[in-house]
Each structure stands twice: as C-alpha cells, then as structure tokens.
Amino acid sequence: MSAGVIAKPAVARRSGALRGEVRIPGDKSMSHRALMLGGLAAGQTRIGGLLEGEDVFNTARAMQALGATVRKEDGSWIVDGVGNGALLAPEAPLDFANAGSGCHLIMGLVGVYDFATTFVGDAALSRRPMDCVLDPLRQMGVQVTSAEGGRLPVTLSGPKTANSVSYRLPIASAEVKSAVLLAGLNAPGITTLIEPVPTGDHTERMLQAFGANLTVDAGAEGERIIRLEGQGRLTGQDIDIPGDPSSAAFPLVAALLVPGSDVTLLNVLMNPTRAGLIVTLQEMGGKIDVLNARIQGGEDVADLRVRSSELKGITVPEDRAPSMIDEYQVLAVAAAFADGHTVMRGLEELRMKESDRLAAVLSGLKLNGVDCDEGPASLVVHGRPGGKGLGNAAGAAVATRLDHRVAMSFLVMGLASEHPVTVDDATMIATSFPGFMELMAGLGATIE
C-alpha cells in the first residue's frame with residue numbers, strides 16, 4: 001500500500017437482475033502508448049477517450065518529467081512532444097506507484113538514452129522482477145542497477161549509441177515486445193522482434209500511425225517478425241481511444257452470471273489480439289451479441305449485448321492466453337458458476353503481474369468455496385452451477401494483494417454467490433477503472 005492510502009474493504013452480495021447500457025472507460029494499453037508516442041512525436045497529439053485512471057496519470061507525469069507537456073482541454077488530452085531522440089533527463093526518479101505496464105514501457109522508451117533514469121514504485125510494484133525488460137535492454141548497451149532480483153528501484157544508464165538488436169521473445173508478452181520496440185526508436189539501424197505467439201499489437205499499429213517505418217511479416221514457422229527502423233521522425237496525431245475490453249470483462253461476466261440480466265456495453269475495443277475472453281465465454285455458452293461492429297481509428301470496435309447464461313466448463317486453448325492474459329481472474333470467477341471443469345493453461349505471465357495473480361485468484365476462490373487446482377502455469381476450476389454454497393458467510397476477506405483486477409473479479413463473484421464475497425481493499429480499482437463502483441451500482445449491482 002502506498003504511504004498515506006488507507007485500505008477500504010468492499011462487500012458484494014447476491015444481486016437482482018443487472019440491466020442497462022453503459023460506456024466503458026478508455027483502453028488502458030492504448031492510453032499508455034498514446035501518451036508516450038505523443039510525448040515523443042514532433043508537434044501536437046490530441047487524445048480523446050483517454051483512461052483517466054492513476055496508472056495512466058503516472059505515465060503522463062513521467063512523460064512530462066522527460067520533457068513533454070500534457071494538459072486537458074475541452075474534454076480531450078493534448079500532448080506537445082519533444083521529437084524522437086530528444087527526451088530530456090528527468091530531475092528526479094520516475095514514480096509509477098502500482099503501474100507495471102507504464103513502468104515496463106517507459107523503461108524501454110528512455111533506457112537507451114545517454115543519461116541515467118531511476119524508476120521507483122509502490123510496495124507491490126517493487127516486488128515484481130523487471131528482468132523480462134532489463135535483459136533485452138542490456139543487449140542494447142544499457143547499464144542496469146537494480147535491487148536484488150531485478151526489482152525496483154532500477155536505474156538505467158544508456159550508451160552513447162544504442163545497439164539495434166534482433167530479439168526473440170522468450171514468453172508471450174505484449175509489454176516486453178513493446179518495451180523493445182520503443183527502445184528501438186532511439187537505436188540506429190533495424191530493431192527486429194521475433195514473436196512466436198501473437199500478442200496485443202497496439203504498439204505496432206500506433207507506431208505506424210505516428211509515422212514509424214515498421215513492418216510485420218510471417219516467419220517460416222508461423223512466428224511474427226516485426227522490424228522497426230530506428231531514429232525516424234514521428235509526427236503528432238489525433239487519436240480516439242475506445243473502451244477497454246479488460247475493464248468491460250467485469251460487467252460482462254457479472255451480466256452472464258446474475259439471473260435475468262441484460263446489459264449493453266458500448267464502444268468496446270475488439271482488436272482480435274485482445275478478444276480472447278469474449279470468444280471463450282461464447283464457447284462456454286455465454287449469450288454475447290456483437291453489435292454495430294465498426295473500424296474506429298484503425299481499431300475494431302463494437303457494442304456488446306450480454307444476457308444471463310448457463311455456462312459450461314471447457315478447456316481454454318493454451319495459445320489463446322496472450323489475447324486474454326488480463327482476464328483470467330474474472331474468467332476463473334465465471335468458471336466457478338459453470339457446469340463442469342474449466343481448464344486454463346499457458347498462464348506464466350500471470351506470475352509477473354501486479355501480484356502473482358495465479359496464486360491470488362486460487363486463494364480467493366478457495367476462500368469462497370470453489371474447488372480448484374493450480375499448476376506452475378495452469379488453473380483448473382470445478383464449477384457449481386447457480387453459485388450454490390459459494391461465497392463466505394463469515395465475511396472472511398479475499399487478499400487482493402494491491403491488485404485491481406483481483407478486487408474487481410471477486411466483487412463480481414459476490415453478485416451471483418449464495419453468500420457475500422468480501423475483498424480486503426477496493427481503493428486500487430481506480431488505477432484502471434475509475435467509476436467502477438458507480439457503473440456497477442447503476443446496473444443494479446449490490447456492492448457496499
């Protein structure tokens with residue numbers, strides 16, 4: 001917990017039918033990247049739909065410390081950039097609080113510059129090893145000083161001239177891929193990224209929109225080969241950010257689980273590399289209708305009508321994990337109400353999120369009466385249709401471990417469980433989903 005922040009428990013109880021039409025806050029991944037590339041580009045970038053959550057504000061503050069200007073004007077966010085290669089040395093450490101994504105990406109963006117930058121965070125972020133990003137940066141010539149185990153605080157000192165590299169991702173991670181590509185912007189020559197399993201491609205799409213010379217090709221074995229020409233010119237853009245599918249997951253699953261529910265989620269990002277949860281829930285029998293599908297700012301966007309459904313357990317294809325890595329906690333909650341067993345594999349990256357999300361979700365499920373099994377990179381949930389016996393009548397609280405997605409997942413669980421579900425802290429939800437409590441209450445959810 002950050003200094004001065006007091007934990008605020010929350011309780012979710014079995015709810016009446018959820019009904020209504022809501023707009024989901026802007027996509028967090030795109031919001032981070034829009035601020036970073038806007039701050040790096042020459043000229044002005046105007047961003048509509050920016051997620052106004054603490055994680056994104058930490059990225060905005062970091063870009064200001066690196067020389068960009070960021071302000072809100074007439075409902076949009078305006079970024080005046082410094083030009084590629086012209087970031088300034090920050091006068092103080094960059095504090096990302098709990099924002100792992102922003103920290104990873106800006107390590108790539110600024111680490112290759114010929115000055116020292118120190119990165120710090122809150123207690124939860126400081127427990128997370130950063131070597132997944134630090135290792136490729138070392139190959140590019142960056143000198144790294146860190147706490148034991150590659151943890152924060154981390155100081156990066158870039159070389160006079162960074163090395164362009166050819167880097168094969170050892171795990172499927174959009175954040176690591178993006179950090180390497182952002183580092184490549186300030187390295188001469190071609191930076192090549194080999195991605196054995198496709199992950200979210202917002203960085204590639206947005207780099208191209210800002211004018212970077214970036215190509216994506218298929219390799220002989222089906223891998224994606226991304227090539228970026230360094231030290232090119234980026235130009236400010238107008239960007240409209242759609243609703244975050246990772247945030248939409250919570251009211252979506254709640255509507256599936258609470259009997260009689262009928263909810264429409266407006267303007268949701270439907271990028272194929274991010275739509276794994278929707279596909280999975282549809283395979284489980286979820287009534288999710290994709291309406292008004294359209295292209296908006298180069299991204300797939302749609303409205304989703306979701307109605308209560310009787311779900312059945314399935315085995316989720318392992319290669320789907322990168323397209324829904326942030327949604328497995330709430331999928332595990334949905335699986336707790338399904339008929340049969342739901343098997344999830346390929347979850348290595350969950351060990352490296354805001355918390356060890358795999359351990360956190362297993363602990364929370366068991367506390368609330370769910371029969372489940374955990375492996376090093378897998379989770380099996382044995383469902384109880386109708387939520388019979390689920391929840392915790394004694395009021396024992398799920399340990400959220402300062403993780404916003406863990407908190408929201410278990411609050412969703414309580415809306416359909418026989419007994420209430422309590423989480424030990426809900427304050428950090430604002431980092432990714434400001435207004436979550438109000439949105440859910442507006443649909444009819446019972447959360448106190």
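Strand β1 (residues 10–13) runs antiparallel to strand β22 (residues 421–423), and three bridges join the two. Helices (H or I, at least four residues) and strands (E, at least two) are DSSP runs, numbered from the N terminus. Two strands pair if DSSP finds at least two bridges between them. Val11 has Thr422 as its bridge partner in β22. This is a predicted model: local features need pLDDT of at least 70, side-chain atom pairs count only at pLDDT 80 or more, and totals for chains, interfaces and linings use all residues. Residues are numbered from 1 along each chain as its sequence is written, and side-chain values use heavy atoms, with hydrogens and water left out.

β1 and β22 belong to an open sheet of four strands, ordered β21-β22-β1-β23, with mixed pairing. Its edge strands are β21 (397–398) and β23 (446–447), and each pairs on one side only. Helix α12 (residues 404–414) packs on this sheet and touches β1, β21, β22 and β23. Contact means heavy atoms within 4.5 Å. The direction of α12 makes about 160° with that of β22. Axes are lines fitted to C-alpha atoms, for helices over the stretch in contact, and angles run from 0 to 180 degrees between N-to-C directions.

## The β4-β5-β3-β14 sheet

Another open sheet has four strands in the order β4-β5-β3-β14, and its pairing is mixed. The edges are β4 (69–73) and β14 (238–240), each pairing on one side only. On average, neighbouring strands of this sheet are turned by 20° against each other, direction ignored. β4 and strand β5 (residues 76–80) run antiparallel and are joined by five bridges. Val70 has Val79 as its bridge partner in β5.

Helix α1 (residues 28–40) packs on the sheet. α1 touches β3 (44–48), β4, β5 and β14, and its direction makes about 35° with that of β5.

## Helix α1 against α7

α1 also packs with helix α7 (residues 202–209), at an angle of about 35° and with the axes 10 Å apart. The crossing of α1 and α7 is right-handed. A crossing is left-handed if the near helix is turned anticlockwise from the far one by less than a right angle, and right-handed if clockwise. From α1 come Ser29, Met30, Arg33, Ala34 and Leu37; they meet His202, Thr203, Met206 and Leu207 in α7.

α3 has 12 residues and spans 16 Å from its first C-alpha to its last, close to the 16 Å expected at 1.5 Å a residue. The expected span of a helix is 1.5 Å times one less than its number of residues. α3 is mostly covered, with 12 of its 12 residues buried. Buried means under 20% relative accessible area, exposed over 50%, partly exposed in between (1.4 Å probe, protein chains only). Among the buried residues of α3 are His104, Leu105 and Gly108.

Ala179 lies in helix α6 (residues 174–184). At 2% relative accessibility, Ala179 is buried. Leaving out residues up to four places away in sequence, Ala179 touches His104, Leu105, Gly108 and Val133. Thr264 is 85 residues from Ala179 along the chain, and their C-alpha atoms are separated by 35 Å.

## Aromatic pairs

Rings of Phe, Tyr and Trp (its six-membered ring) pair if their centres lie within 6.5 Å; planes under 30 degrees apart count as stacked, over 60 as edge-to-face and the rest as tilted. This rule gives five aromatic pairs. One is Phe96 with Phe119: the ring centres are 5.9 Å apart and the planes are at 15°, so the pair is stacked. This pair links distant parts of the chain, 23 residues apart. Phe96 sits in the loop between β6 (94–95) and α3 (100–111), and Phe119 in strand β7 (residues 116–120). Phe96 is buried at a relative accessible area of 0%. Phe119 is also buried, at 0% relative accessibility.

Phe433 and Phe436 are edge-to-face, because their ring centres are 5.3 Å apart and their planes at 65°. Phe433 is buried, with 1% relative accessible area. Phe436 is buried, with 1% relative accessible area. Phe250, Phe433 and Phe436 form one aromatic cluster.

## The β16–β17 hairpin

Strand β16 (residues 287–296) and strand β17 (residues 299–307) are antiparallel, paired over eight bridges. Gln296 has Glu299 as its bridge partner in β17. Two residues lie between the strands of this hairpin, and Gly297 takes a positive phi near 60°.
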